Amino acid sequence: MAAPGPLSGGRPAPGAAPARAVLAVQVQPRAARSGIVGWHGEALKVRLAAPPVDGAANEELLRYLAERLGTPKANVRLLSGGGSRRKRVEVLGLTLPAVLERLGVGPSPPP
């Protein structure tokens, strides 16, 4: 019996790197509701229904992305930009094309 691979729904094959995606995100805090807007240059623009106070917008971003992606919140983490509108977010367990598909956006536009 062959070892389960990434396409079989099992664990990655031995020696294979786990799926990982890094997104550039531009946030707009204090929106009426959280949602994906589309591309803002090379970053994905996301409206957040949370103020940029005491990390509330960062927490809402991670919660919202995890919910939309159907992945545990522990698989979504902020890599950089904690005090900025421009952020880098890592998603474990999914490839970038899978992340973009689940978020309902196409590939980023060319620079």
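A residue is called buried when its relative accessible area is under 20%, exposed when that area is over 50%, and partly exposed in between, as computed with a 1.4 Å probe on protein chains only. By this definition E90, at 4% relative accessibility, is buried. The structure is a predicted model, in which local features need pLDDT of at least 70 and side-chain atom pairs count only at pLDDT 80 or more, while totals for chains, interfaces and linings use all residues. Residues are numbered from 1 along each chain as its sequence is written, and side-chain values use heavy atoms, with hydrogens and water left out.

The protein chain contains 2 helices and 5 strands; helices (H or I, at least four residues) and strands (E, at least two) are DSSP runs, numbered from the N terminus. Read from the N terminus on, the elements follow the order β-β-β-α-β-β-α. Of the 111 residues of the protein chain, 32% count as buried. The accessible surface of the protein chain amounts to about 6,800 Å², and 54% of that surface belongs to carbon and sulfur atoms; such areas come from the Shrake-Rupley method with a 1.4 Å probe, and for residues only the protein chains shown count as cover. A contact requires heavy atoms within 4.5 Å. Among the contacts in the protein chain with a separation of 6 or more, 45% involve residues 24 or more positions apart.

The sheet may be considered next. Strands of a sheet pair through backbone hydrogen bonds, either parallel or antiparallel. Here 5 strands form an open sheet in the order 2-3-1-5-4, with mixed pairing; two strands are taken to pair if DSSP finds at least two bridges between them. Strand 2 (35–40) and strand 4 stand at the edges with a single partner strand each, so one side of each has no neighbour in the sheet. From one strand to the next, the twist averages 40°. Strand 1 and strand 3 (residues 43–47) run parallel and are joined by 4 bridges. V27 stands opposite V46 in strand 3.

Helix 2 (residues 96–103) packs on this sheet and touches strand 1, strand 2, strand 3 and strand 5. The direction of helix 2 makes about 40° with that of strand 1, where axes are lines fitted to C-alpha atoms, for helices over the stretch in contact, and angles run from 0 to 180 degrees between N-to-C directions. Within helix 2, V99, L100 and L103 are buried. These residues cover an arc of only 95° around the axis, which puts them on the same side of helix 2; the arc is that of the directions from the helix axis to the C-beta atoms. P97 and E101, on the other side of helix 2, are exposed. The buried residues of helix 2 pack against strand 1, strand 2, strand 3, helix 1 and strand 5. After helix 2 comes G104, whose phi is positive, near 80°.

Side chains of opposite charge can pair when their charged atoms come close. A salt bridge is defined as a side-chain nitrogen of Lys or Arg within 4 Å of a carboxyl oxygen of Asp or Glu, and the count by this rule is 5 salt bridges. One of them joins R20 to E90, with the closest N and O atoms 2.4 Å apart. This pair links distant parts of the chain, since R20 lies in strand 1 (residues 20–28) and E90 in strand 5 (residues 86–92), 70 residues apart. R20 is partly exposed, at a relative accessible area of 48%, whereas E90 is buried.

Helix 1 takes part in two of the pairs described here. E59 forms a salt bridge with K73, their closest N and O atoms being 2.6 Å apart. R63 and E67 form another salt bridge, with the closest N and O atoms 2.8 Å apart. R63 and E67 both lie in helix 1, 4 residues apart, about one turn of the helix. Salt bridges that share partners also join R20, R77 and E90 into one network.

The loop between helix 1 and strand 4 also holds T71. T71 is buried, with a relative accessible area of 14%, and touches A66, V76 and L92, not counting residues up to four places away in sequence.
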